[in-house]
Amino acid sequence: MKSVELMIHARWIIPVDADNRLLEHHTAVVDGGRILDCLPQDQALSRYKASQQIRLNDHVLIPGLVNAHGHAAMSLFRGIADDLPLQTWLESHIWPLEGQWISEDFVYQGTQLAIAEMLRGGTTCFADMYFFPESSAQAASDAGIRVQLATPIIDFPTPWANTTDEAIHKTTTLHDNWRNSTLVSVAFGPHAPYTVSDEPIKRIITLAEELDVPIHMHIHETQQEVDDAIAATGMRPIERLDKLGLLSPRLLCVHGTALNDDDIERLQQSGSSVVHCPESNLKLASGFCPVHTLQQQGINVALGTDGAASNNDLDMFGELSTAAMLAKAVAKDAAALPATEALRMATINGARAMGMDQEIGSLEAGKLADIVAVRMDELNSLPLYNPVSQLVYSTRSDQVSHVWVGGRQLINDGKFTSLNISKITDQTKNWQSRLGNTP
């Protein structure tokens with residue numbers, strides 16, 4: 001009998017594997033931070049002896065959710081400028097606030113707040129695009145959550161860098177500083193086609209190849225963005241980016257609400273991924289991502305919340321439900337984006353987009369033990385005929401009871417093990433007081 005660190009016995013396990021299996025009365029065996037085995041409970045008890053055993057008789061185990069796009073520190077701006085068009089929201093409110101308040105402390109503490117919310121809702125890995133990513137890296141490392149930092153690169157000065165050259169240099173330095181981390185990885189984050197010119201994009205393409213890292217970019221977020229690009233350059237943004245060589249399997253095309261057939265063909269041929277942020281797009285009236293069409297063309301579609309300033313939460317279960325139902329309405333097809341595919345968007349598809357699918361995104365032997373347990377005996381989850389459908393259409397984030405990242409338990413029966421929630425709450429209230437008095 002082999003000795004292992006942990007066995008989690010669950011009523012159901014949804015590994016999100018290639019066969020979309022649903023396993024009943026199975027056990028996840030964890031050792032050395034990785035999944036060693038996933039097998040029926042009686043077989044697990046006969047083969048393994050665990051230092052710790054947890055029985056979750058009314059729960060489903062799923063891979064940790066992957067939030068493939070967000071701006072974590074902007075949680076401190078939650079609700080500060082609601083019900084406004086995107087450009088008004090950005091130019092008249094968010095950018096002035098950032099110019100006045102963004103600092104290393106703001107980013108560290110805002111990211112702590114976001115991490116707490118995400119962990120409580122079953123997110124174990126998130127992509128972040130924000131200033132002072134060094135502080136975000138430290139916050140994630142301190143909490144024990146996984147993060148990919150898409151460093152913001154913009155033609156005009158920002159609180160983090162005065163030039164694109166400085167931002168690119170800081171990105172490579174950040175990559176070098178965290179290259180041995182098991183939790184923190186680095187990507188390039190050119191903000192958008194309308195804020196980054198050709199030369200920085202060319203440099204980013206070269207460096208991303210050399211460092212073997214992804215590139216995150218807001219692309220075709222609104223029809224206005226596309227119309228302005230055509231007026232200025234004679235090309236749609238995706239056509240321009242394709243001619244520059246940016247479109248590739250490294251690229252995460254965030255939003256993608258204004259896509260025509262040519263855009264979709266370019267994405268398909270290049271192997272680029274699309275990150276769908278349905279609730280933020282709805283709130284800002286940015287448009288509708290054609291998820292069903294993209295998936296029919298074999299394009300990898302991941303799921304993100306965007307920042308809490310434009311969502312206004314980081315609840316991936318809410319995002320799952322919204323994504324599934326919105327896709328049906330956009331496609332005018334009730335069979336579009338079934339629950340199994342929606343769950344894949346929030347797990348393995350996000351991992352694939354971020355270049356991490358060999359390590360996370362599914363519960364399979366050899367992968368890192370990023371595992372979430374969800375209670376399925378709440379009133380809104382009963383009666384239960386199909387656990388996958390229930391997860392997507394009726395589960396709330398507060399049903400998450402246990403969370404492990406790399407085998408380390410970060411949520412134990414609803415309680416945090418790595419974060420001081422009282423301190424985070426006090427910090428947030430202090431920022432609320434300061435930001436609320438901004439002229």
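Predicted model: local features only at pLDDT ≥ 70, side-chain atom pairs only at ≥ 80, totals over all residues.
Trainee: Switching to pockets, what volume does the largest pocket have?
Mentor: The largest pocket has a volume of about 500 Å³. Of the 26 residues that line the largest pocket, Gln148, Val184, Ser185, Gly355 and Met356 are the closest to its centre.

Trainee: Which helices and strands supply at least two residues of that lining?
Mentor: Among them are strand 7 (146–153), helix 5 (164–178) and strand 8 (184–190), each of which supplies at least two residues of the lining of the largest pocket.

Trainee: OK, salt bridges now: how many does a search of the whole structure find?
Mentor: The search finds 22 salt bridges. One of them pairs Asp198 with Arg240, where the closest N and O atoms are 2.9 Å apart. Asp198 lies in helix 6 (residues 198–211) and Arg240 in helix 8 (residues 237–244), so this pair ties together parts that are 42 residues apart in sequence.

Trainee: Is Arg240 buried or exposed?
Mentor: Arg240 is buried, because its relative accessible area is 12% and the cut-off for buried is under 20%. Asp198, in contrast, counts as partly exposed at 32% relative accessibility.

Trainee: What about Arg236, which residue does its side chain meet in a salt bridge?
Mentor: The side chain of Arg236 meets that of Asp263, at 2.6 Å from N to O. Arg236 lies in the loop between helix 7 (223–233) and helix 8, whereas Asp263 is in helix 9 (residues 261–270), so the pair ties together parts that are 27 residues apart in sequence. Arg236 is buried, with a relative accessible area of 16%, and Asp263 also counts as buried, at 0% relative accessibility.

Trainee: And within helix 8, how far apart are Glu239 and Lys243?
Mentor: They are 4 residues apart in helix 8, which means that about one helical turn separates them. Glu239 and Lys243 form a salt bridge, with the closest N and O atoms 3.2 Å apart, and Lys243 counts as exposed at 58% relative accessibility.

Trainee: Last topic, which residues form a nonpolar patch on the surface?
Mentor: Leu282, Phe288 and Val330 form that patch, and together they have about 250 Å² of accessible area. Val330 lies in helix 12 (residues 316–331), and at 33% relative accessibility Val330 counts as partly exposed.

How values were computed. Residues numbered from 1 in each chain as written. Heavy atoms only, no water. Patch = residues over 30% accessible without salt bridge, like charges linked within 9 Å, V, L, I, M, F, W, Y side chains within 5 Å. Areas by Shrake-Rupley, 256 points an atom, 1.4 Å probe, with all protein chains shown as cover. Salt bridge = Lys/Arg side-chain N within 4 Å of Asp/Glu carboxyl O. Buried < 20%, exposed > 50% of the residue type's maximum accessible area, 1.4 Å probe, protein only. 1 Å grid on protein atoms, 1.4 Å probe; cavity = no way out; pocket = protein on both sides within 12 Å on 5 of 7 lines; lining within 4 Å. Points joined across faces, edges and corners; volume = space filled by probe spheres on them.
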